[in-house]
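Let's take a walk through this structure together.

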Amino acid sequence: MKLVPLGDRVVLKHLEAEEKTKSGIVLAGAAKEKPQEAEVIAVGPGGMVDGKEVKMEVAVGAKVIYQKYAGTEVKLDGEEYVIVKQSDILAVVE
């Protein structure tokens with residue numbers, strides 16, 4: 001199966017969370033912070049959303065940073081994804 005977002009939605013896949021702090025302390029599973037950096041897996045078509053023209057500004061394969069508590073988490077074929085609105089994406093990592 002495949003996720004195909006509608007409107008201004010974007011499907012993201014989390015990048016791996018840090019296992020160690022910068023000082024070298026290994027983090028336990030519960031101590032790890034939810035990653036805010038993700039890879040774009042699929043992008044909706046944009047168009048008219050809530051009466052406004054929306055142009056999609058991210059592309060598949062881009063690495064992005066998104067708002068901490070944004071989106072809906074989805075599990076499909078054993079993989080975890082987050083579906084967010086394009087406006088929840090804060091920056092593209094280059």
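Predicted model: local features only at pLDDT ≥ 70, side-chain atom pairs only at ≥ 80, totals over all residues.

Here, contact means that heavy atoms lie within 4.5 Å. Residues are numbered from 1 along each chain as its sequence is written, and side-chain values use heavy atoms, with hydrogens and water left out.

Where does Asp-8 sit? You'll find Asp-8 in the segment before strand 1 (9–14); strands are DSSP runs of E with at least two residues, helices are runs of H or I with at least four, and both are numbered from the N terminus. Asp-8 counts as buried because its relative accessibility is 9%. The cut-offs are under 20% relative accessible area for buried, over 50% for exposed, and partly exposed in between, using a 1.4 Å probe and protein chains only.

Now for some charge pairing. Side chains of opposite charge can pair when their charged atoms come close. A salt bridge here is a side-chain nitrogen of Lys or Arg within 4 Å of a carboxyl oxygen of Asp or Glu, and the whole structure has two of them. One joins Arg-9 to Asp-8, with the closest N and O atoms 3.1 Å apart. Arg-9 has a relative accessible area of 33%, so Arg-9 is partly exposed.

The other pairs Lys-13 with Glu-79, whose closest N and O atoms are 2.8 Å apart. This pair links distant parts of the chain, with Lys-13 in strand 1 and Glu-79 in strand 7, 66 residues apart. Lys-13 counts as partly exposed because its relative accessibility is 29%, and Glu-79 is partly exposed too, with a relative accessible area of 32%.

Not counting residues up to four places away in sequence, Asp-88 touches Tyr-66, Gln-67, Ala-70 and Gly-71.

Last stop: Ile-65, which lies in strand 5 (residues 63–66). Ile-65 counts as partly exposed because its relative accessibility is 32%.
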